[in-house]
Amino acid sequence: MSPSENRANAPGADTAETPRGPDEAAAAEPNDVAGQDSDEAFPRSSTPVTGERAPPKEAEEELAHPSEEDPAELKERLLRVLAEQQNFQRRIERERDDAVRFAATRLIKDLLQTADNLSRALHSVPPGLPDQNEAMRNLLAGVAASEKALQDTFAKHGIRRIDPALGEPFDPNQHQAMFEIESGPFEPGAIAQVVLPGYAYHERLIRPAFVGVARQNSS
């Protein structure tokens, strides 16, 4: 047997390395050329990236030379804000004072009907009847005392009764005309009849006086 046949039949002969071709050797080597090409295509910057842009030149000039009008504008804005705050505080205080001053408005409106009923009871008694009946006289005296006590309480708490006199000029701020009647002895437009007295709570009108007004002359 020849030596070449012995080498082919020897153990491990199948696993022996075969010589590589030129193409396989080139593929196995590191691609240094590709790395150089990528460096040339994307050159590295020597300036460190900080994540912030440099301020424009105009901004640098404004910072170096601030405008002379800025302090005046700032002062004007501060004064405006201060004035608005003071106005708001005054309005809150005024609303609080009004709420305290007119806190009993609803109660007064409910009591006006009682005052009207007492007044109607006194004016509905025929003249001369109390002199003939002692019981009626005592009853009317009690009603009159109750009405006076109620009106005194109203006056004590700033509630004023509006009871215009006949012939008084009509005031639209305090009176409400319900109808017109013949002028008679009164001037045209004057109050000729009082239907129901009005009431005012301090300077606030609670209810106007309901009146009849003398008719204007047609001529």
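This is a predicted model: local features need pLDDT of at least 70, side-chain atom pairs count only at pLDDT 80 or more; totals for chains, interfaces and linings use all residues.
Residues are numbered from 1 along the chain as its sequence is written. Local features need pLDDT of at least 70, side-chain atom pairs count only at pLDDT 80 or more, totals for chains, interfaces and linings use all residues, and side-chain values use heavy atoms, leaving out hydrogens and water.

The chain has 8 helices and 6 strands. These are DSSP runs numbered from the N terminus: helices are H or I with at least four residues, strands are E with at least two. Along the sequence the pattern reads α-α-α-α-α-α-α-α-β-β-β-β-β-β.

Confidence comes next. pLDDT is the predictor's confidence in each residue, from 0 to 100. Its mean over the chain is 76, and 67% of residues reach 70 or more. Helix H2 (residues 22-28) has the lowest confidence, at a mean of 44, while E4 has the highest, at 95. Residues 21-43 stay under 50 and have 2 contacts beyond four places in sequence. A contact means heavy atoms within 4.5 Å.

Of the 219 residues, 17% count as buried. Buried means under 20% relative accessible area, exposed over 50%, and partly exposed in between (1.4 Å probe, protein chains only).

Now the interior. A nonpolar core is a set of buried Ala, Val, Leu, Ile, Met, Phe, Trp, Tyr and Cys residues joined through side-chain atoms within 4.5 Å. The largest has 12 residues, including Phe102, Leu118, Val143, Phe154 and Tyr199. Helix H6 (105-123), helix H8 (134-156) and strand E4 (198-201) each supply at least two of its residues. H6 gives the largest share, 4 residues. A second, separate core of 6 residues includes Ile162, Ala200, Ala209 and Val211.

Two residues show the packing in detail. Leaving out residues up to four places away in sequence, Val143 touches Leu118, Ala121 and Leu122. Asp116 lies in helix H6. Asp116 counts as buried because its relative accessibility is 6%. With the sequence neighbours up to four places away set aside, Asp116 touches Leu196, Tyr199 and Arg207.

Last, the surface. Val195 sits in strand E3 (residues 191-196). Its relative accessibility is 44%, so Val195 counts as partly exposed.
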